[in-house]
Amino acid sequence: PAYTAGGEPTRVFYAQSWALTHMLVLSDRYGPRYRDFTRLLLAGASAAEAFQGAFGKPISRVESELGGYLRGEWFKVVYFDTKLQKESESPEVRQASPAEAGLVLARLYREADTQELMLAKLAEENPQSWEVAEAQGYFEWQRKRNPEAALAHFERAAQLGAGSARMYYDYALLLGRERGQEEKRIALLRKALELQPDFQEPKLALGVALYNQRLYAQAVAALNGVRQVNRDEALSMFRILAHSYHQLGQPEDARKAAERLREISRTPREVEDAEELLRYVSRSPGSEELEAAASISGDGPADEPAPARPAPAGERPRLERRSASANPPAEPPAPAARPRMRMEGTLFQFDCLGDAARLTVLHSGRRVSFAILDPADVRIRGAESATLDFSCGRQQPLAVVIEFEEKVDGRLGTTGVVKAIEFQ
């Protein structure tokens, strides 16, 4: 090294490494070519070859300029406005494995190409590391928007014995409600809770998944373990609990869940839905009147979906309010209809995507997007007109309640399918 001090070789090496990195990343002379330097190293070039190829200088010249850099009168700095977690004050210290060190380095790069190359190299060098497979899954999901590749990496991580509860939950979330995958999704959620019993999000998702499979007792057990939810999640949870208890022949518990739903309801529509559900679970099922009240969304019997009629290219999707008598179902739906979620928000943007559309709302300060697969299958409430024309792009900021079925679509970047839009 260019600079040494007797007695403290480790500290000196750390200080020299810090100074060199600072110069290579932030200085006007080296910073613009730093990406080229890292790419050469990742491609297998030696340090000498990388310095010469990226900066056009041998290592000896770089060492010489480092001395001048350290004796300079000013330095560029980068400020990170963050707060360290409490456990970082007394960290557990141990030797990092090559895979762990490589993953930390890979996450430091903002350039997707560089990060992808580093992860591929780590996977080749550590074929039995579930951590590397997990990191590749998140990279494909979050950076490349490639859910199919992400699922393959998550599955590989699970096969290698992944110990991350968050990964199993996200794996189940990404898997969505694809036909034939219900049992796998439930198994993934159970694994997440096995690894982290106090993880709240999988408990709620597991309860919904079990309810959809008509496993009412198991759904009740899962949902009764939920300790912290937001109001929208609580609305869905108490609806499901009320219906599940009703199916299990526990009318008192069903009534208590419906009453709790009514207590947290705010809008006139929410109150109406809750009171309708309370009337339903307070009586014995069987009559057509009661069967009609069993819709989890509170809309009464669901209409049969009309044939898909995607909007022609260039035309606005047309959302029409359908009359209660239109397309009557051949027979009353079962009381255990698939539950729908509700979310309050503010209209933000409408994207016309040819064979589908994407509706984005602002909810609690963040953007949430939903798919509209068939405009004719979306109910409109609270609007002056029975027909709404959404122009593509930003929308007038109107308060709405979106009723949707939870289904993640990585291609569209959506978390559910719109079934109703209620204007407040």
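**Figure 1. Burial and overall make-up of the predicted model.** Of the 424 residues in the protein, 45% count as buried, where buried means under 20% relative accessible area, exposed over 50% and partly exposed in between, with a 1.4 Å probe and protein chains only. This is a predicted model, in which local features need pLDDT of at least 70 and side-chain atom pairs count only at pLDDT 80 or more, while totals for chains, interfaces and linings use all residues. Residues are numbered from 1 along each chain as its sequence is written, and side-chain values use heavy atoms, with hydrogens and water left out. The protein has 16 helices and 9 strands; these are DSSP runs numbered from the N terminus, helices being H or I with at least four residues and strands E with at least two. Among contacts (heavy atoms within 4.5 Å) with a separation of 6 or more, 59% are between residues 24 or more positions apart.

**Figure 2. Phe 154 in the largest nonpolar core.** A nonpolar core is a set of buried Ala, Val, Leu, Ile, Met, Phe, Trp, Tyr and Cys residues joined through side-chain atoms within 4.5 Å. The largest one holds 55 residues, of which Phe 154 and Leu 241 touch the most other members. Beyond its neighbours within four places in sequence, Phe 154 is in contact with Glu 134, Gly 137, Tyr 138, Trp 141, Met 167, Tyr 171 and Leu 174. A second, separate core has 19 residues, including Met 343, Phe 350, Val 368 and Phe 390. In soluble globular proteins, nonpolar side chains tend to be buried together.

**Figure 3. Aromatic rings around Phe 51.** Rings of Phe, Tyr and Trp (its six-membered ring) pair if their centres lie within 6.5 Å; planes under 30 degrees apart count as stacked, over 60 as edge-to-face and the rest as tilted. The count by this rule is 12 aromatic pairs. One of them joins Phe 37 and Phe 51, with ring centres 4.7 Å apart and planes at 45°, so this pair is tilted. It links distant parts of the chain, since Phe 37 is in helix H2 (residues 34–42) and Phe 51 in helix H3 (residues 47–55), 14 residues apart. Phe 37 has 8% relative accessibility and counts as buried; Phe 51, at 7%, also counts as buried. Phe 51 and Phe 55 form another tilted pair, 6.0 Å centre to centre with 40° between the planes. Both lie in helix H3, 4 residues apart, about one turn of the helix. Ring pairs link Tyr 30, Tyr 34, Phe 37, Phe 51 and Phe 55 into a cluster.

**Figure 4. The buried face of helix H10.** Helix H10 (residues 182–195) has 14 residues and reaches 20 Å from first to last C-alpha, close to the 20 Å expected at 1.5 Å a residue, the expected span being 1.5 Å times one less than the number of residues. Its buried residues are Arg 185, Ile 186, Leu 188, Leu 189, Ala 192 and Leu 193. Seen down the helix axis, they fall within an arc of 160°, so they line one face of H10; the arc is that of the directions from the axis to the C-beta atoms. Glu 183 and Glu 194, on the other side, are exposed. The cover over the buried residues includes helix H9 (165–175), helix H11 (200–212) and strand E8 (399–409).
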